[in-house]
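Hi,

Here is the structure I promised to pass on to you. Have a look at it first, and my notes follow below.

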Amino acid sequence: MTNLLLFPVLIPFLTAMILLFFPKKITAQRTVTVAGMTLAVIASAVLVSVVLRDDIQAVTLGSWPAPFGITMVSDPLSAVLVLTSNLITLAIVFYSFRSIGESREKHLYYSAMMFMLAGVNGAFTTGDIFNMFVFFEVLLMASYVLIVLGGEKRQLRESIKYILVNIVSSALFVTTVAMLYSVTGTLNMADISAKVSEIGQSGILTVIAVMLILVFGLKGAIFPLYFWLPSSYAAPPVPVLALFGALLTKVGVYAIMRT
């Protein structure tokens with residue numbers, strides 16, 4: 001059952017890949033998306049049950065031992081957040097059938113949504129802070145597609161601001177991760193926690209913590225770093241992109257809380 005924690009990441013990712021093969025077939029797009037989301041919700045619900053019954057679940061990819069390998073970890077908080085993300089996305093999928101419009105559905109709307117969900121679920125599940133950065137970039141690249149979907153002038157204008165802000169915050173994220181690695185000598189979150197307690201109250205750790213708050217504050221549009229959000233999501237189509245983007249971006253910010 002350990003590999004179960006990979007399913008909420010793999011199912012949306014594979015669903016997105018399948019959807020790329022027939023972007024113009026609306027009925028097939030909707031059917032595959034609903035089927036994939038249903039499987040993702042079931043897998044995440046079972047994961048919550050397993051975690052609550054058997055405690056924290058972990059799997060190390062490639063048989064490399066921690067802290068050297070890529071570790072995926074699911075605790076009660078991350079499992080519940082993964083389930084919440086899947087339920088929110090499933091609701092948005094049904095809402096999109098009548099709100100987003102077929103012209104946008106034909107331009108990889110559902111595929112981008114699934115890639116974004118895979119990034120969000122991966123950020124919750126990873127046990128490695130560099131891979132958290134990778135998953136964040138996956139969800140951000142998908143959000144770039146969603147925010148310009150339709151190609152209207154106002155969308156394209158406002159998307160430039162959105163992309164620039166996230167490029168700057170991503171560069172700051174990489175710099176912060178490099179600084180953290182130079183201090184602790186590891187990127188594994190559990191190992192970082194142990195090393196930080198050994199180092200004690202170092203000034204560099206305070207700087208790193210402030211930089212991480214700034215990074216996730218920019219990406220999640222937390223007050224007072226929300227200046228880019230209103231105009232970016234005010235561009236049409238307002239309802240589903242604003243709801244989906246704002247909710248999942250902010251849900252991603254909570255990934256840092258369990259580290």
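A residue is called buried here when its relative accessible area is under 20%. Tyr 109, at 1% relative accessibility, therefore counts as buried. Please keep in mind that this is a predicted model.

First, the overall picture. The protein chain holds 11 helices and 2 strands, and from the N terminus the order of elements is α-α-β-β-α-α-α-α-α-α-α-α-α. Of the 259 residues, 50% are buried. The accessible surface is about 11,900 Å², with 72% of that area belonging to carbon and sulfur atoms. If you take the contacts between residues at least 6 apart in sequence, 74% of them join residues at least 24 apart.

An unreviewed UniProt entry lists several stretches as "transmembrane region", including residues 72-95 and 162-183. In the model, residues 162-183 are 100% helix, with the end C-alpha atoms 32 Å apart. Residues 72-95 are 83% helix and 12% strand, and there the end C-alpha atoms are 32 Å apart.

The largest nonpolar core contains 64 residues, and the ones with the most contacts inside it are Tyr 109, Ile 129, Phe 173 and Phe 216. Among the helices that each supply at least two residues of this core are helix 1 (7-19), helix 3 (76-99), helix 5 (109-125), helix 6 (129-148) and helix 7 (153-184).

Just after helix 3, Gly 101 has a positive phi of about 95°.

How many of the residues of helix 5 are buried? The count is 17 of 17. From first C-alpha to last, helix 5 reaches 25 Å, close to the 24 Å expected at 1.5 Å a residue. Asn 121 lies in helix 5 and is buried, with a relative accessible area of 0%. Leaving aside residues up to four places away in sequence, Asn 121 touches Pro 8, Val 9, Pro 12, Val 82, Ser 85 and Asn 86.

Thr 15, in helix 1, has 6% relative accessibility and so counts as buried.

Finally, the rings. The whole structure has 10 aromatic pairs. One of them joins Tyr 109 and Tyr 110, whose ring centres are 5.0 Å apart with planes at 75°, so the pair is edge-to-face. Tyr 110 is buried too, at 0% relative accessibility. Phe 133 and Phe 173 form another edge-to-face pair, 5.4 Å centre to centre and 85° between the planes. This pair links distant parts of the chain, since Phe 133 sits in helix 6 and Phe 173 in helix 7, 40 residues apart. Phe 133 is buried at 13% relative accessibility, and Phe 173 is buried with a relative accessible area of 0%. Ring pairs also connect Phe 130, Phe 133, Phe 136, Phe 173 and Phe 216 into a cluster.

Happy to talk any of this through.

Best wishes

Terms used
Residues numbered from 1 in each chain as written. Predicted model: local features only at pLDDT ≥ 70, side-chain atom pairs only at ≥ 80, totals over all residues. Heavy atoms only, no water. Helix = DSSP H or I, 4+ residues; strand = E, 2+ residues; numbered from the N terminus. Buried < 20%, exposed > 50% of the residue type's maximum accessible area, 1.4 Å probe, protein only. Contact = heavy atoms within 4.5 Å. Areas by Shrake-Rupley, 256 points an atom, 1.4 Å probe, with all protein chains shown as cover. UniProt positions renumbered as here; feature names shortened; annotations may be inferred. Core = buried A, V, L, I, M, F, W, Y, C linked by side-chain atoms within 4.5 Å. Expected span 1.5 Å × (residues − 1). Phe/Tyr/Trp six-rings, centres within 6.5 Å; stacked < 30°, edge-to-face > 60°.
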